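Notebook open, structure loaded. I'll jot down what I look up as I go.

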Amino acid sequence: MRDLAETVDRAFAAALYAQDDAGLDTGASLLVADQAGWPAVGRELLARGEAYVRQGWERGWQPADVLRLVRRDLEERHLRITGDLMAAEARRYARLPARWGVSEVWWKSDEEYADGLAQRERSDRFTLATAFLEVLRLLIRLPSIEPVGPLPGDPADALAEHAHIEPRMLGRIRALLAKAEATTFPEEAEALSAKAQELMARHTVDEAVLAASGKGPAQVPGACRIGVEPPYEEAKAVLLDAVAGANRCRAVWNGGFEFSTVVGFESDLEAVELLYTSLLVQGTAAMTRAEAAQRSGGRKRTKTFRQSFLLAYASRLGHRLAETAEHTATEAPDNLPALVARDVAVTSRAEEMFPRTTTTRLRGATDHAGWEDGTAAADRAHMGGRHKPLPG
């Protein structure tokens, strides 16, 4: 047992802390030198990997954030190994926080994991040992970031009260947005998306009034992270910011780690996730159709067209969503104090989490046709109740 621990220590020293990749081969060679000891090596790698995963959670990371980085920097095999480590670490908890979303352990015992891994990946032990070390190296290099929720096993998580969107209403919203994404008729998508936004806005107002009257559960703003990945991540970040603002949340983009942190009350965060995802799907589909029309006219597909399209789509929708949010709030003036209190709480929480933020200068939209088509697509994606066209 002591010899195994020393071997793994030497492998880690060679592979995990060097500034280049030269030590990976050395570390992997040490791990697979004793073929009969491979099952024990797998058990030891799991145990140490669990500790590194927990360290990542303590630095503010969540499963989706880590998997996003692994997907960006490594390969599918590494993604599956990372999922295994998360599943192994999660099994010690009776309850996981919301949005944790890890898979379950698929191997019968940790002693059998290494052989099961080789069968699943259909790969040799040296390749698997190298991949494992690459995953662990990524985990130990994770910096500290702003935490957005409780850690697994935190007793405070079990006591926290969150007002979620009521399940039946949530089902209706999802169904409406799914139909809006599936249809190729702009007018139908407009009606379906408008109804979904109306349900979201109504729930926000009702929840704010209940909280102000003391009849609802005591709540404080929370936060979640939403992936904002290439390509055209700047346009996607603009769109998410617009959706967050319209739903009384605040979004802070981290381009280096490809996510935005959205701060708000839980049901509003749910609304932002649903609406942003749907609008992104609708915008991408509209961009594809616009490109097809451009190509039929003899123009080649270009990256500048797509970027200009999505920037225009996001910019136009930002104005549209802000207009819709203002209209919804002013329909019942008596509810304004409760909504203002909600806004103040969210702003205070966002400033507490991010006391120093910077503005980002967006790369210009240089394709006129893309901008015009993106603007038109945004005008068709009607998100609010009554809407008057914006000036051109």
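What share of the contacts in the protein chain with a separation of 6 or more comes from residues 24 or more positions apart? I get 77%, with contact meaning heavy atoms within 4.5 Å.

Ground rules before I go on. This is a predicted model, where local features need pLDDT of at least 70 and side-chain atom pairs count only at pLDDT 80 or more, while totals for chains, interfaces and linings use all residues. Residues are numbered from 1 along each chain as its sequence is written, and side-chain values use heavy atoms, with hydrogens and water left out.

**Overview.** I looked up the secondary structure and found 15 helices and 3 strands; these are DSSP runs numbered from the N terminus, helices being H or I with at least four residues and strands E with at least two. Of the 392 residues, 47% count as buried (under 20% relative accessible area; exposed is over 50%, partly exposed in between; 1.4 Å probe, protein chains only).

**Cores.** Next I went for the largest nonpolar core, which has 48 residues, with Leu136 and Leu139 touching the most other members. Such a core is a set of buried Ala, Val, Leu, Ile, Met, Phe, Trp, Tyr and Cys residues joined through side-chain atoms within 4.5 Å. Helix 7 (125–140) is among the helices that each supply at least two residues, and its 10 residues are the largest share. I also noted a second, separate core of 35 residues, which includes Leu192, Ala196, Leu279 and Leu321. Back at Leu139, I listed its partners, leaving out residues up to four places away in sequence: Tyr52, Val53, Arg59, Val66 and Leu85.

**Asp124.** I found this residue in the loop between helix 6 and helix 7. Is Asp124 buried, partly exposed or exposed? Its relative accessible area is 43%, so Asp124 counts as partly exposed. Its side chain makes a polar contact of 2.8 Å with the side chain of Thr127 (a pair of N or O atoms within 3.5 Å, one able to donate a hydrogen and the other to accept it; residues adjacent in sequence count only if both atoms are side-chain atoms). A polar atom of the Asp124 side chain also lies 3.1 Å from the backbone nitrogen of Phe126. I checked Val32 too: 92 residues from Asp124 in sequence, 9.9 Å C-alpha to C-alpha.
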